[in-house]
Amino acid sequence: MTATVQTRARIGPVAADPYPWPYDGSVDAARTALICIDWQVDFCGPGGYVDRMGYDIGLTRAGLPATARMLEHARSTGMLVVHTREGHAPDLSDLPANKRWRSARIGAEIGSVGPTGRILVRGEPGWEIVPEVAPIPGEVLLDKPGKGAFYATNLDLVLRTNRITHLVLTGITTDVCVHTTMREANDRGYECLVLSDCTGATDPSNHDAALHMVTMQGGVFGAVATSTAVIAGTTT
């Protein structure tokens, strides 16, 4: 009987700025994680935190269709998928005073009651991930109290346990939680790619500036590409 040889998907080279990603030419999809950062009702749903602050949630929702397609691709190629949620304990014991003060000052105090429950509190409707990109069984779901996904979490342990070396980032907002996570990951030696069509910010100029920062100094934090380029750059 002839043995069946299974081929594994590889990613790269991906057309990216400022260099074809990854730097090492290509990577096994099984060594790559798709990080979906804070696609929560509080950040991109009606009545949530961002909406209460008065920003246009159309801007933070803009990356959802492409992220949904990228999720489907990641699942089909064997990438590790990690979802994050920002939120605080119901007793707010992990909420810094200055963070609470700032949110109250702009009319959306963390912990106060809004249309989607208590703002940015774990277990509330606004804290949940929106249906378009919701986790499925077997995917990592990680809760964080801050902006970066490595701070006060076991993300690094999860990635190293799964032998992950390369990260593809989606999420909101580009200039805050996504950028902070990318910087944290870069300092830990992960090869990072942020997807321009799978991210968004409360201000378009902030989104553009955050992406531009990544491309400086030859790719100071990694590279920037589209989800279409990643899919096109994947072979099986």
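Q: Buried means under 20% relative accessible area. With that settled, are Phe150 and Tyr190 buried or exposed?

A: Both residues are buried. Keep in mind that this is a predicted model.

Q: Thanks! How many aromatic pairs are there?

A: The count comes to 2 aromatic pairs. In one of them, the ring centres of Phe43 and Tyr49 are 6.2 Å apart and the planes meet at 75°, so this pair is edge-to-face.

Q: And how are the rings of Phe150 and Tyr190 arranged?

A: Their centres lie 6.0 Å apart with the planes at 35°, so that pair is tilted. The angle falls between the cut-offs, since planes under 30 degrees apart count as stacked and over 60 as edge-to-face.

Q: Where in the chain do Phe150 and Tyr190 come from?

A: From distant parts of the chain, 40 residues apart. Phe150 is in the loop between β7 (140-144) and α6 (155-161), while Tyr190 is in the loop between α7 (174-187) and β9 (191-200).

Q: Back to the other pair: is Phe43 buried or exposed?

A: Phe43 is buried, and Tyr49 is too.

Q: What sits over the ring of Trp127?

A: The charged end of Arg85 does, at 3.7 Å from the centre of the Trp127 ring.

Q: Let's switch to pockets. What volume does the largest pocket have?

A: About 500 Å³.

Q: Which residues are the closest to its centre?

A: Phe43, Tyr49, Met53, Lys147 and Val176, out of 21 residues that line the largest pocket. Phe43 and Tyr49 are also the edge-to-face pair we talked about.

Q: Which helices supply at least two residues of that lining?

A: α2 (49-52), α5 (97-105) and α7 each do. The largest share is from α5, with 4 residues.

Q: How does the lining split by class?

A: The lining of the largest pocket has 10 nonpolar, 4 polar and 7 charged residues.

Q: New topic: cis peptide bonds. What is omega for the bond from Asp17 to Pro18?

A: Omega is near 15° there, and the bond is cis. Pro18 lies in the loop between β1 (10-11) and β2 (27-28).

Q: What about the bond from Trp21 to Pro22?

A: The Trp21 to Pro22 bond is cis as well, with omega near 0°. Pro22 is also placed in the loop between β1 and β2.

Q: Backbone angles next. What is phi of Leu120?

A: Phi of Leu120 is near 50°, a positive value in a residue that is not glycine. Leu120 belongs to the loop between β6 (117-118) and β7. With a relative accessible area of 0%, Leu120 is buried.

Q: And what is phi of Gln217?

A: Near 55°, again positive in a residue other than glycine. Gln217 is in the loop between α8 (204-215) and β10 (223-225). Gln217 is exposed, with a relative accessible area of 73%.

Q: Last one: where is Thr173 found?

A: Thr173 is in the loop between β8 (166-172) and α7.

Q: Why does Thr173 count as buried?

A: Because its relative accessibility is 10%, and buried means under 20%.

Q: Which residues does Thr173 touch, not counting those up to four places away in sequence?

A: On that basis, Thr173 touches Thr60, Val178, His179, Gly200, Ala201 and Thr202.

Definitions and conventions: Residues numbered from 1 in each chain as written. Predicted model: local features only at pLDDT ≥ 70, side-chain atom pairs only at ≥ 80, totals over all residues. Heavy atoms only, no water. Phe/Tyr/Trp six-rings, centres within 6.5 Å; stacked < 30°, edge-to-face > 60°. Buried < 20%, exposed > 50% of the residue type's maximum accessible area, 1.4 Å probe, protein only. Lys NZ or Arg CZ within 6 Å of the ring centre and 35° of its normal. 1 Å grid on protein atoms, 1.4 Å probe; cavity = no way out; pocket = protein on both sides within 12 Å on 5 of 7 lines; lining within 4 Å. Points joined across faces, edges and corners; volume = space filled by probe spheres on them. Nonpolar A, V, L, I, M, F, W, Y, C, P; charged D, E, K, R; others polar. Contact = heavy atoms within 4.5 Å.
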